[in-house]
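Here are a few notes to read alongside the model.

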Amino acid sequence: MFKPVDKKDLSQISLTGMRAIVLIGLLMVSPRSLEEIRQIFINLNIMEEENSDDILRIDLNTIKSMGFEVSRASAKTDYKYVLLKHPFVLEIAKDELLVLKKVYKIIKSNADIQTLILFDELVRKIATFISDSDTREEFLGISILKNFDINLIRTILSAIKREEILDLVYRKAGAKVDAVKEIAAQNLVFNNDKIYLYGYNLQSEDSVVFNIQRIKSILKIKPKKEDFDQKVIKIKFHLRGFGLDTPEAGETVVESGKNGFIVEGVYHNEFLATQRMLSFGARCTVLEPLDFRNKIIAKLRDMRTIYDSESSC
Amino acid sequence: MTANQVVKKNLSSMQVLKTLQVLLEGNFTMNEILEKLNSREERPVFNNSVVSKYINTCRYCGISIPKIHNRYYVASIPFGLNLSLAEEDLLSEMQNVIRNKMSTKYNKVAERLFEKISRFSNKQIVRIERKEIKYFYEAFENAIENHRKIRLLLKVKYEMECTPVSITENKGKTYFNVIFNGKERFISEERISALEVLNIKSGDTSGDQTVLFKLRGDLVQRYSLREHESYVSKSEDECVISNHGENKELLFSRLLRYDSSCEILNPIQYREEMKLLLDSALNNYGV
C-alpha cells in the first residue's frame, strides 16, 4: 500500500505528516499492535531503529486530535489499536440519493441474486464513510437486501451449486408453528422485492417455493441425492403477445406467426404455472394439458363472478 | 492524566491531515485551499509553499491528487473504500444506466456523486463521457413536468401525438408510457426514433391514478406492500390496499395472478376494464 521513503525526497515531503497518513492507512485496513506499526514504519524508512515508541504514541495522539477515534491497546483488543471512527466524511445529498434509488430500481428490474448481493455489499462499504445516521440509513435502505440475512442467501446459493439437501426450519404465512422441511435446493429467484427458494420437498415428494424470509434457520446441509424423480408441469399455450413481459426460464416459443406465439413451458409446480397463465389475461389461451386448461377456465369464472356484484367501495 | 500534563502532538502532521481533509471536500484552486485552511486557524499558518509540500506528502503516500484546470482534488485513496473488480464493474454499469436512461439533470447529479465516491475509494472510478445522449428521456421528463403533449416518431415511420405519463422499467427494458387516442400505451424505447415536445397543453394523465383493491384469504398475510401502496383497512382475512401510480398493464397482470383472492374496487373504470378482460379471456375458451 505504501512505498518506502527515498532519503533524497525528504526535502519535498513532511516525514511526520507521512507517518500520520501511514498510521491512519494501517489502522483503516486492520487493528495493529505498537510493535507491528513500529516495524512497518522502520521498513518504510519513516522511523529509525533507535527511535523510542514515544514517537508512535505522539503520532497516535496527533491523529486522535484530528478526530480519529482509536481504542486503547488492551488485552480485550489483543493489545492492538483499533480505529473506531474516522473524520473522512462522505456527504450524500438528497438529489444524489434520489439518483441512486432510480438507478437501483432499473438495475433491480433485471438483476439476478448475485448482482443484488454485490450491490448490497457495495452500499454497505460506502455507508461506512457516511457519518450522518439518517442519511446512512436511507442510503443502506436503497438495497432491497437491507433486511435480508445475506449469510442465509449465500448458504442456499452454495447448496444450489452443489445440489445439496437442506434441513430447514420454515414457517408458512399464517402458521402458528415452525416446521422442519427436507429440501433439495434448486434455484433462488428474485421477484417483486422478495427472494424465493425453488426446491423439491423430499418428505412430501413435491416441488415447493419458499419465501426465504420465512426460513428461520438451516439445521443441516446434506450431500446430494440422485434418487428422486421430480414432477414438473408442462403446458402448451397460445399467446397473442408478451406485452411488457418476456419469456421466462423454461418457456420456449415453438411457433410464431401473425396471431402470436405457441409457447411450451415447463413449470416447477401448478401454482406457479397457474399464476403465470392468469397474468397474461386475455392474451393467453391454454391448449394443453386439458385438465389444466379446465382449471384455468374455472379460475377465470370464479374471478369473473366477483365482479358481478357492485363494488362495496 | 493530570490537568497540567500536556498531550504531545505533532503540528506538521496535523497540518498535513487538515490539508487532506480540505481536498476531500471538493475540487479547489490553491488559493481556495489556503483560504479554507487559514479560515479554520486563529492566525494564518498555511502558505503556498507548505501546502504544496503537504500535497506532495499525500501523493507520496499513494493518494492520487491530480491538478486539472488549476484545481486539486483527491481522485483515490489507497486505504479508502476497498473496491473489488466486480464492484467496479457494477459502478460502471450504474454509470451506463444513468448515461443512457436518465436526463442531463440526473447525469450531473450522478457525476458529482461518483466523483465523491471515487475520492474515498482505492481505485479511480472512470467517469464515462456521455457521447450519445438519448435526449428524448430528458424531453419526455420535461414534457411531463410542464404538462405538454409530445409527438413520437417510431422507427416504423409512424407518428403519434400523445400525452406523456411516465417512464417504466420492466425486466431490464424501458418503456415510455403515454396516452394515445384516449388509451394508455407502452412504447418500448427501442421503437422510438425521435420525440418532439409540442406547444400544446396536456390534460390530466392516468399516471397519477389511485387504485383500490381488496385481497382475501391467505394472501392477506403473505402480501407485502409495494413502495407506492398503503393499507386502507386490514383484518386477518381481508384487506383493502391503495395503489398509487403503478403502470396499469403491470398492475393488472400482477392482480390477475392473485386470481379470486383479489378484486379491484376503484376506480369504476378499472373495475369495468377488469370485467371486460375476464370476459375476453373466457371467450378464448368459448365460454
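Two residues are taken to be in contact if their C-beta atoms, placed from the backbone, lie within 7 Å. Please keep in mind throughout that this is a predicted model.

1. **The interface.** With that cut-off, 65 residues of chain A are in contact with 73 residues of chain B. On the side of chain A that touches chain B, the elements giving two or more residues are α1 (15–29), α3 (54–65), α4 (94–108), α5 (113–127), α8 (270–279) and α9 of chain A. The most comes from α1(A), with ten residues. Sorted by class, this side of chain A has 33 nonpolar, 19 polar and 13 charged residues.

2. **Chain A overall.** You will find nine helices and eleven strands in chain A. Of its 313 residues, 25% are buried. If we take the contacts in chain A between residues at least 6 apart in sequence, 54% of them join residues at least 24 apart.

3. I126(A) is in helix α5 of chain A. Is I126(A) buried or exposed? I126(A) has 23 other C-beta atoms within 10 Å, and a residue counts as buried at 20 or more, so I126(A) is buried. Beyond its neighbours within four places in sequence, I126(A) is in contact with L90(A), and also with L81(B) and I117(B). I126(A) and R136(A) are ten residues apart in sequence, with their C-alpha atoms 9.2 Å apart.

4. **A hairpin in chain A.** Strands β5 (residues 194–201) and β6 (residues 206–211) of chain A pair in the antiparallel sense, over six bridges. One pair to look at is Y198(A), whose bridge partner in β6(A) is V209(A). Four residues lie between the two strands of this hairpin, and in the turn E205(A) has a positive phi of about 50°.

5. **Helix α9 of chain B.** This helix covers residues 268–283. At 1.5 Å a residue, its 16 residues should span 22 Å, and the end C-alpha atoms are 22 Å apart, which agrees. Buried residues in α9(B) are Y270(B), R271(B), M274(B), L278(B) and A281(B). They cover an arc of only 105° around the axis, so they sit on the same side of α9(B). On the other side, I268(B), Q269(B), E272(B), L276(B), S280(B) and N283(B) are exposed.

6. **What covers that helix.** Which elements cover the buried residues of α9(B)? They include α9 (290–306) of chain A, along with β8 (210–216), α8 (248–257) and β11 (262–266) of chain B.

Terms used:
Residues are numbered from 1 along each chain as its sequence is written. Chains are lettered from A and ligands numbered from 1 in the order in which they are written. This is a predicted model: local features need pLDDT of at least 70, side-chain atom pairs count only at pLDDT 80 or more; totals for chains, interfaces and linings use all residues. The expected span of a helix is 1.5 Å times one less than its number of residues. A residue is buried if 20 or more other C-beta atoms lie within 10 Å of its own, exposed if 12 or fewer, and partly exposed in between; C-beta atoms are placed from the backbone. The arc is that of the directions from the helix axis to the C-beta atoms. Two strands pair if DSSP finds at least two bridges between them. Ala, Val, Leu, Ile, Met, Phe, Trp, Tyr, Cys and Pro count as nonpolar, Asp, Glu, Lys and Arg as charged, and the others, Gly among them, as polar.
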